Amino acid sequence: MKVMIVDDESAIRETLGKKLKREGYEVILCQDGLESLRAFHSERPDLVILDIVMPEGMDGLTVCRRVREIADTPIMMLSANAVTEEDIIEGLNAGADEYLIKPVRMNEFVARVQAILRRSQKSSSDTGQRYDDGYLSIDLHRRHVHVSGKRLHLTPTEFKLLAVLLENAGRVVSQRDLLEQVWGHEYVNDVYYPRVYISQLRHKIERDAANPIYILTEHRVGYRFEKQGSSSVRSG
Amino acid sequence: MTDFGAAALIVYGVTLALSLAFLLILLWSDVRKELNQFFAAFLMLVLLWNTGALMWQAIDQLRIESPLLTLAIGITELGFTGASVAVYALTAVLVRAHTKRFRVLTFFTLGLIIVYRVILIANSQRFVTSSAYFSTVQRQPIVVAFYLIFDFGALFLLWRNRRKVRSVGIMAGLTLFVIGQTLAFVDTDLDLFQVSFAVSAIASLVLSFSIVAQEIIKPVSEHNSQVEAIRRVGLAITSLASLTSVLEQVARQAAELLKTDGGVTILLSRDGELETAAVYRLPRSFLHLRMPLGEGAAGLAALSQQTNLIDNYELNWKGTEDYPLARQTFGSVVCTPLVYGGQTIGVIMVIGAKHGILFQKEDVYLLELLGAQAAVAISHSQLFSDVEFARRQLETVLISTESPVIAVDRKFHLIFANRTARQLLQQSSDTEENLPNGTPIRDLIPPYALPLSAALALSELRRRGTYTYEATINDRVYLCNIAPLGTPRVTGWVAVMNDVTELKELDRLKSEMVRMTSHDLKNPLQAAMAYTELLRDDLEPAGDQAVLESIDKIDWQLQRMNRIIRGILDLERVKSGVRRFENYPPARAIELSVVELRQFASSQGVQLQVEQDDSLPTIRCDAEQVRRALVNLIENAIKFTPHGGVVSVRAYTQDGSVVFEISDTGVGIAPEARPRVFDRYYRSQQKGTEHITGSGIGLSLVKAVAENHRGKTWLSSEVGKGTTFYISFPVGQVRTSYSQ
């Protein structure tokens with residue numbers, strides 16, 4: 001497993017890298033945004049760990065967006081300047097799968113890295129359920145999602161979320177269950193993760209994200225995937 | 001028979017008839033008046049004497065011899081002598097130079113004379129002709145002296161007090177009467193005797209007419225002109241604006257109305273003393289002299305709310321002197337209280353000089369009329385000047401303040417804008433005009449600077465009395481505070497706009513600063529913590545306990561530093577963060593907070609008890625903030641509870657609020673420390689808590705959260721037994737459906 005760590009502080013790069021190496025991961029260290037993008041292309045890591053504030057050139061959020069344009073590789077943000085929930089949501093909206101606030105304990109850091117990699121691994125070996133109503137088609141086995149015949153790029157977390165909802169189609173999945181099944185039991189208190197990802201998913205698969213028909217919110221309980229009969233689907 | 005005799009006969013007859021008429025008029029008008037009583041006595045004696053004289057003259061003229069002549073002479077003498085006493089008494093009463101026993105004395109004297117005369121008549125010779133009478137009559141010196149004493153006494157009194165008698169007729173009549181009576185003693189010649197009678201008779205007629213004119217006719221005829229005079233005076237007083245000129249005008253008009261020497265306006269000050277506020281034709285040194293209520297002639301009038309009329313200040317006023325040398329210089333004085341709305345506000349005092357004018361009942365009446373108007377004028381002027389003073393003060397405050405102040409009426413038309421507000425409005429509406437009052441506010445202020453929702457603003461104003469919003473005008477940020485004008489009915493609104501641009505910028509810089517600092521601190525902290533952990537991993541196999549312990553201590557201190565930084569950031573977030581309000585179930589807040597701290601509690605050996613009640617109403621809050629507050633409170637409770645203790649958490653409703661209660665079995669808080677525990681960075685120096693680490697921020701964050709939600713925090717504690725913290729939030733608004 002290859003993990004790329006991007007941070008302008010050498011002490012942080014070194015310590016995190018050392019710890020991950022001890023845990024058996026292959027580690028690539030980068031000290032700024034441009035270098036990290038170059039390394040991403042050449043090395044194709046399985047996980048990117050990104051600092052946000054980097055004084056030279058590109059910041060973490062930009063790197064994250066650039067990576068998302070070309071790959072679904074899991075990204076973990078590791079930042080010191082998160083003051084409000086908005087900062088975290090901004091990071092998640094940029095395409096990150098995980099947002100950790102510095103300082104983080106080594107053990108927790110390693111646990112989160114393991115969880116995120118587990119998620120991306122596991123999602124590719126899901127049940128082979130399929131869904132197709134003419135407008136939206138989902139093939140869990142091949143990890144393909146099409147909207148109006150066009151292939152969609154979903155991040156591993158987005159895909160995992162959609163998969164859990166589809167497997168429970170017609171039933172309400174509570175926030176807590178979503179957190180546990182998609183992110184892992186370490187995440188049950190990170191209540192804003194589902195909110196952000198549901199919103200991103202809706203933007204990708206719904207015709208009108210403000211009036212969703214597939215992913216419905218059950219107020220104060222959770223979310224529900226509603227299958228649409230092909231008769232109700234209009235072409236276009 | 002001479003022609004004179006016939007003329008005398010007519011004079012007596014006319015005098016008789018007119019005297020009778022005057023007497024009737026007098027009795028009809030007012031018998032109780034002292035002057036009238038003395039005048040009636042005088043008239044009756046004139047009647048008596050003229051009756052006698054008429055009979056006597058008639059007998060003479062008819063040239064008959066009749067025993068009635070003796071009676072006629074007797075009656076004449078009786079009336080004539082009596083009249084001389086009566087005229088003295090009348091003069092004394094007219095100039096008010098009489099004492100209380102004067103009346104008794106006068107009537108006693110008259111009675112004595114009458115008795116003496118009746119005895120004389122009874123015992124005298126019987127005359128059948130006048131010549132016989134005159135041949136026998138002897139002018140005894142005692143009789144002459146008697147006449148002279150009373151007549152000239154009257155004349156002296158009259159001269160001495162000549163300014164007190166306003167009627168020329170009275171003066172002339174009295175003088176003529178004295179001359180007439182004196183004539184009788186010049187010679188005993190019959191004719192001159194008759195002339196004396198005739199002159200006296202005419203004099204008494206003149207006197208009578210003058211008195212009737214002064215006492216009865218003049219008051220009636222002058223009534224209208226007096227009312228007119230009062231009206232003019234009233235106008236003069238009430239048309240003035242300033243209090244000082246009103247007071248001066250009252251003193252002046254009162255003195256001029258009563259045609260006298262001086263007037264004073266005295267006001268009752270707030271401390272209950274009378275103070276001379278204005279003088280007219282009196283020494284300026286009287287001004288601002290003070291006198292307690294009830295003292296002095298004016299003080300008595302003020303206290304009793306009754307006009308105080310003093311004929312002679314020296315003789316009749318026994319109380320405290322109103323002014324220096326008043327006894328020596330004041331003559332007649334009238335003090336009329338100024339009463340407004342049942343309250344005495346002052347006194348008008350009108351003063352006649354010694355031997356000057358003597359005030360009559362009519363003067364009192366006039367002064368009281370004037371007083372009533374003056375009281376109204378002074379009160380209004382006082383009120384006006386009070387209001388004007390307050391208004392000017394307020395205006396000065398408003399004008400001099402740098403914050404724009406704008407007031408509008410109920411139709412949202414401009415009614416006031418101070419200088420800075422006008423400048424702001426001119427800039428924002430791009431006009432050079434003067435912005436007249438009455439302009440609709442919508443034409444003056446750009447819509448983005450008005451409250452977003454007028455309905456919301458009005459309902460807030462109704463509920464809380466104020467409404468505050470932020471408006472940006474010309475790149476400056478104003479905190480507009482709106483309050484209603486007028487109570488109880490709202491007549492408009494006033495907005496005070498505080499320029500908070502600099503504060504906003506400072507706040508932004510501060511937040512920026514906190515962000516930067518936190519970032520700069522967190523990176524080295526992350527590195528240090530990571531190195532420590534790596535070091536521990538490296539050294540653990542070697543098993544040197546001392547080294548490992550040291551590493552653990554370094555790690556503990558780094559964790560502590562981390563908590564402090566997190567606390568500062570949490571507080572910053574609560575104080576400046578965007579608040580997202582939602583209806584949130586209290587049970588959920590407890591559940592999530594407890595989940596976060598279960599592990600910490602068990603590591604401290606503290607049992608965490610939770611009493612869940614899902615039926616509680618939701619609270620309208622920023623859920624994240626409420627959770628942070630609860631986490632802080634519970635964490636705090638765990639920290640201060642020794643191993644084996646219990647921390648229990650529950651929530652319940654009380655007075656429209658949801659109260660969270662977090663109690664522990666910890667060390668408790670000393671009473672002197674209790675008021676300060678919610679202060680930022682405050683840490684109790686209590687025994688048994690030295691080992692507990694913390695930033696001293698947690699509870700100030702709790703307080704800030706409560707304040708953000710219009711909630712409250714409080715605590716109860718017992719040293720050695722434990723502490724209970726409470727935080728309450730108002731229950732969220734229940735949404736009702738109107739569509740049913």
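**Local features of the two-chain model**

Ser717(B) counts as buried, at 16% relative accessibility (buried means under 20% relative accessible area, exposed over 50%, and partly exposed in between, with a 1.4 Å probe and protein chains only). This is a predicted model, in which local features need pLDDT of at least 70 and side-chain atom pairs count only at pLDDT 80 or more, while totals for chains, interfaces and linings use all residues. Residues are numbered from 1 along each chain as its sequence is written, chains are lettered from A and ligands numbered from 1 in the order in which they are written, and side-chain values use heavy atoms, with hydrogens and water left out.

Back to Ser717(B): the residue sits in strand β17 of chain B, residues 712-718 (helices, H or I with at least four residues, and strands, E with at least two, are DSSP runs numbered from the N terminus). Its side chain reaches the backbone oxygen of Gly722(B) at 3.4 Å. Leaving aside residues up to four places away in sequence, Ser717(B) touches Gly668(B), Ile669(B), Arg674(B), Gly722(B) and Thr723(B), where contact means heavy atoms within 4.5 Å.

Two loop residues of chain B have positive phi without being glycine. For Leu325(B), phi is near 65°; this residue is in the loop between α11 (313-316) and α12 (326-329). Leu325(B) is exposed, because its relative accessible area is 54%. For Asp655(B), phi is near 50°, and the residue falls in the loop between β15 (646-654) and β16 (657-664). Asp655(B) counts as exposed too, at 77% relative accessibility.

Chain A brings a cis peptide bond, running from Lys102(A) to Pro103(A) with omega near -5°. Pro103(A) is part of the loop between β5 (98-101) and α5 (106-122) of chain A.

Now for the cysteines. How many disulfides are there over all chains? The count comes to zero, a disulfide being a pair of cysteine sulfur atoms within 2.5 Å. Cys64(A) counts as buried, since its relative accessibility is 0%. Cys621(B) is likewise buried, at 0% relative accessibility.

Val206(B) belongs to α8 and is partly exposed, with a relative accessible area of 31%.

Note on methods:
A polar contact is a pair of N or O atoms within 3.5 Å; within protein, one must be able to donate a hydrogen and the other to accept it, and residues adjacent in sequence count only if both atoms are side-chain atoms.
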